[in-house]
Amino acid sequence: MRKASFEDKEKIIQILHATFITETFPNSINFVLKKDGNRSDTMHQLMEYQVKMALRFGAIFFSDNEQSCILFLDPERKRMTLKRLLWSVQLVRRCIGYRNIFKVLKRETIIAKHHPKVPYLHLWLMGTAPKYKGKGIGTILLKEVLDYYGNSKPIYLETTTALNRNFYKKAGFRIFRETHMLEYPLYFLIKDAVD
């Protein structure tokens, strides 16, 4: 495992794009993406936004073979800057679309209600290049990252599929909430810090 830098941005975007481009079922990413007929470009723009946010306000980790990555946000570092404001405007224009903005804001409000009330790390996104899925690379990377962070803060995430929910449960996360208020289920999970 290694921590990524801004020089790795395009490689990370490629992994995430390849991970999610074929997933067309109802989930958080598809909920956010505007339906403009150019799914690949819109997906690329979304992943670019997420990578820039994680590099600026969190951390990104690569597997040893650099075919799997995990994006974290640290809410204590995440504050509004002029650059972040610009990125958000670009996100709306390029990825979400003005027609979708209110439904995406509703989603963000639902998610924000369930964020921990104590300092925490947000496991925001994880992806593995398709030809490496099912080979244990993501599992190893997640274990290494959890070991890296230790028990310093709770680690929080939300996911939309039973497969992902079970993956994180095996890694020591527990479900603390579930909602079906959107077009897909949302499972809220946490790995508690141990004193």
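**Exercise 1. Determine how helix α1 packs against helix α3, and which residues make the contact.**

Solution. The model is predicted: local features require pLDDT of at least 70, side-chain atom pairs count only at pLDDT 80 or more, and totals for chains, interfaces and linings use all residues. Residues are numbered from 1 along each chain as its sequence is written, and side-chain values use heavy atoms, with hydrogens and water left out.

Step 1. Identify the elements. Helices (H or I, at least four residues) and strands (E, at least two) are DSSP runs, numbered from the N terminus. Helix α1 covers residues 9-20 and helix α3 covers residues 39-57.

Step 2. Describe the geometry. Two packed helices are described by the angle between their axes and the distance between the axes. The axes of α1 and α3 come within 9 Å and cross at roughly 130°. Axes are lines fitted to C-alpha atoms, for helices over the stretch in contact, and angles run from 0 to 180 degrees between N-to-C directions. Helix α1 is therefore oblique to α3; angles under 35 degrees count as roughly parallel, over 145 as roughly antiparallel, 65 to 115 as roughly perpendicular and the rest as oblique.

Step 3. List the contact (heavy atoms within 4.5 Å). Helix α1 contributes Lys-9, Glu-10, Ile-12, Ile-13, Leu-16, His-17 and Phe-20, while α3 contributes Arg-39, Ser-40, Met-43, His-44, Met-47, Glu-48, Val-51 and Lys-52.

**Exercise 2. Decide whether the residues of β5, Thr-160 and Arg-165 are buried or exposed.**

Solution. Step 1. Buried means under 20% relative accessible area, exposed over 50%, and partly exposed in between (1.4 Å probe, protein chains only).

Step 1. Apply it to β5. Five of its five residues are buried. Ile-155, Leu-157 and Thr-159 point one way from the strand, and Tyr-156 and Glu-158 the other way.

Step 2. Apply it to Thr-160, in the loop between β5 (155-159) and α7 (162-170). Because its relative accessibility is 10%, Thr-160 counts as buried. Not counting residues up to four places away in sequence, Thr-160 touches Asn-27, Ser-28, Tyr-184, Pro-185, Leu-186 and Tyr-187.

Step 3. Apply it to Arg-165, which is found in helix α7. Its relative accessibility is 19%, so Arg-165 also counts as buried. Its contacts, again not counting residues up to four places away in sequence, are Thr-159, Ile-175, Tyr-187 and Leu-189.

**Exercise 3. Locate Glu-66 and describe its phi.**

Solution. Step 1. Glu-66 is in the loop between β2 and β3.

Step 1. Most residues other than glycine have a negative phi. Glu-66, although not a glycine, has a positive phi of about 55°.
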